[in-house]
Amino acid sequence: ALTWHPGNVNQVTSGTCNTCIQTEYKFTGVASHAAGAPDKGRSALDAVELMNIGVQFLREHMPDSARIHYSITDAGGDSPNVVQPKAQVLYMVRSIWVKDALELQERVDRIALAASMMTDTKMEKKFIDGCSNTVPNKVLESLMWDNFNDLGVCHYTEEELKYAKALYDSVEMKSDKLPGDATEDSSDIYEYVDEKSKHGTTPMNEFLVPYLYYEKPRMGSTDVGDVSWCIPTAQINTSTFPAQAPGHSWQNVSCGRTSIAHKNMLLAGKVIAATAIDLMEKPDVLQAAKDEFNKKMKRYGGYTCPVFMRQETAIFSTVPISFATAALGGPIKIKTVDGEVEYEVKPGTQTDTKVRLRGKGVPSLRNKNIRGDHYVTLVVTVPEKLTEEQKEALKHFDDAMKGISSEPKKKRGLFK
């Protein structure tokens, strides 16, 4: 997979990033007059505040690379004279590896439950989304950089530079770091970027940062991560907005419909297209990218999806199996928080069969030696398209089954 992301620098990204899980917590209490009958009320807003305080203390006891952010999306109302009966808060939990993010998420869940208990309110949890960390691929990244270097970077008109300078000047808290992810990991790259950016003071970065492969994490998150766990993936940035503009800032948005962003978007498309052509014309390079990917998957234990439904320490997921596997039985791979495990499907397995993988859930917070279980629902899939040969085989099977009851055998009672 070849992709790009808007940025304030021209570069091929490498390394990894944080896994991210978003969860919404909704608290429901009892409305009451805050002065006349405060004892009759149960404040949902108090629950949100207590949850936030609990998470603040949690931050001292989590990995340095982990991040937790929140936004109160519903404070309940405008009047302080009312005990707020409803409130909700949206949380983002980040850690590099999916397993660590799920464990940290479980700790946040328990804080939310404790907040509801302290305020005598009801707490409902809603999973919003999740994405994994990225897996770098040196072969693809190097190829993208070569094409990026051959095509060159965008240059700007006097009017575009004037607009960029105004946005650059509007940034109140400028970073003292030079642009580019690799500048702090290579003295040669640092010196090159320092010269080209005039010590980090140019409004638009009109140069390509030299490529450096690494595996260190960036603190952000992206859904490209899940793709990179499934196939070899590489990504570039192009300068669609001015230097020093913070991520997700109004300065970034202000460039969205400008010629600055448009020409850099087209440049990204050219780099991706040129790289794709190379991969089609150079199967040995494509194979090398696949080989690197397969080695990393063996090293990391394969892809673990962060989108697991959880209840306390238990995890729930659904796994599709083919009609043939359901009928004949056979081995399948099931993804868990620890990676893939093999499970032997029994012959004659029906759809919606439940499977319990003991000890494959989330560790207990009270005792790390105790883990919950992973509950899997097996769903038999029916192919939408069949070849003529497959259709003929199914007809023979149907003929052979005629007269044979498809109803599951009833268990005999104790006295029958």
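Reader: How do the residues lining the largest cavity divide into nonpolar, polar and charged?
Author: Four are nonpolar, seven polar and two charged. Keep in mind that this is a predicted model.

Reader: What volume does the largest cavity have?
Author: About 110 Å³. Of the 13 residues that line the largest cavity, Thr13, Thr134, Val135, Thr233 and Gln235 are the closest to its centre. Two elements, α6 and β9, each give two or more residues to that lining.

Reader: Which residues line the second largest cavity?
Author: Among them are Gln11, Val12, Thr13 and Ser14, and also Asp181, Pro210 and Tyr214. The lining of this second largest cavity divides into seven nonpolar, three polar and one charged.

Reader: Now the open space. How much of it lies in the largest pocket?
Author: About 1500 Å³. The largest pocket is lined by 40 residues.

Reader: Which of the 40 lie nearest the centre?
Author: Asn8, Gln11, Asp181, Arg218 and Gly247. Gln11 and Asp181 also line the second largest cavity.

Reader: Which strands supply at least two residues of the pocket lining?
Author: β1 (2-7), β2 (11-13) and β9 (234-239). The largest share comes from β1, with three residues.

Reader: And how does the lining of the largest pocket divide by residue type?
Author: There are 12 nonpolar residues, 22 polar and six charged.

Reader: Switching to helices. Which residues of α5 are buried?
Author: α5 covers residues 187-196, and Ile189, Val193 and Asp194 are buried there. These three lie on the same side of α5, because they cover an arc of only 130 degrees around the axis.

Reader: Why would residues a few places apart point the same way?
Author: An α-helix has 3.6 residues a turn, so residues three or four places apart point the same way.

Reader: What does the face turned away from the buried side of α5 carry?
Author: The exposed residues Ser187, Asp188, Glu191 and Glu195. After α5 comes Lys198, with a positive phi near 55 degrees.

Reader: Where else is there a positive phi in a residue other than glycine?
Author: Asp120 has one, near 55 degrees. Asp120 is in the loop between α2 and β8 (122-131) and counts as exposed, at 53% relative accessibility. His248 is not a glycine either, and its phi is positive, about 60 degrees. His248 sits in the loop between β9 and α7 (250-254) and is exposed, at 83% relative accessibility.

Reader: Aromatics next. How many aromatic pairs does the structure hold?
Author: Eight. One of them is formed by Trp97 and Trp229, edge-to-face, with 6.4 Å centre to centre and 75 degrees between the planes.

Reader: Why does that pair tie together parts that are 132 residues apart in sequence?
Author: Because Trp97 lies in the loop between β7 (86-95) and α2 (98-119), while Trp229 lies in the loop between α6 (224-228) and β9. Trp97 is partly exposed, at 37% relative accessibility. Trp229 is buried, with a relative accessible area of 7%.

Author: Phe316 and Tyr375 form a stacked pair, with 5.4 Å centre to centre and 20 degrees between the planes.

Reader: Where in the chain are Phe316 and Tyr375?
Author: Phe316 is in strand β11 (residues 314-322) and Tyr375 in strand β15 (residues 374-381), so this pair links distant parts of the chain, 59 residues apart. Phe316 is partly exposed, with a relative accessible area of 32%. Tyr375 is partly exposed too, at 31% relative accessibility.

Reader: Which residues form the aromatic cluster?
Author: Tyr25, Tyr70 and Tyr91 form one aromatic cluster.

Reader: Last item, charges over rings. What lies over the face of Tyr168?
Author: Lys174, at 4.9 Å from the ring centre. In another such arrangement, the charged end of Lys216 sits over the ring of Tyr214, 5.3 Å from its centre. Tyr214 also lines the second largest cavity.

How values were computed:
Residues numbered from 1 in each chain as written. Predicted model: local features only at pLDDT ≥ 70, side-chain atom pairs only at ≥ 80, totals over all residues. Heavy atoms only, no water. 1 Å grid on protein atoms, 1.4 Å probe; cavity = no way out; pocket = protein on both sides within 12 Å on 5 of 7 lines; lining within 4 Å. Points joined across faces, edges and corners; volume = space filled by probe spheres on them. Helix = DSSP H or I, 4+ residues; strand = E, 2+ residues; numbered from the N terminus. Nonpolar A, V, L, I, M, F, W, Y, C, P; charged D, E, K, R; others polar. Buried < 20%, exposed > 50% of the residue type's maximum accessible area, 1.4 Å probe, protein only. Arc of directions from axis to C-beta. Phe/Tyr/Trp six-rings, centres within 6.5 Å; stacked < 30°, edge-to-face > 60°. Lys NZ or Arg CZ within 6 Å of the ring centre and 35° of its normal.
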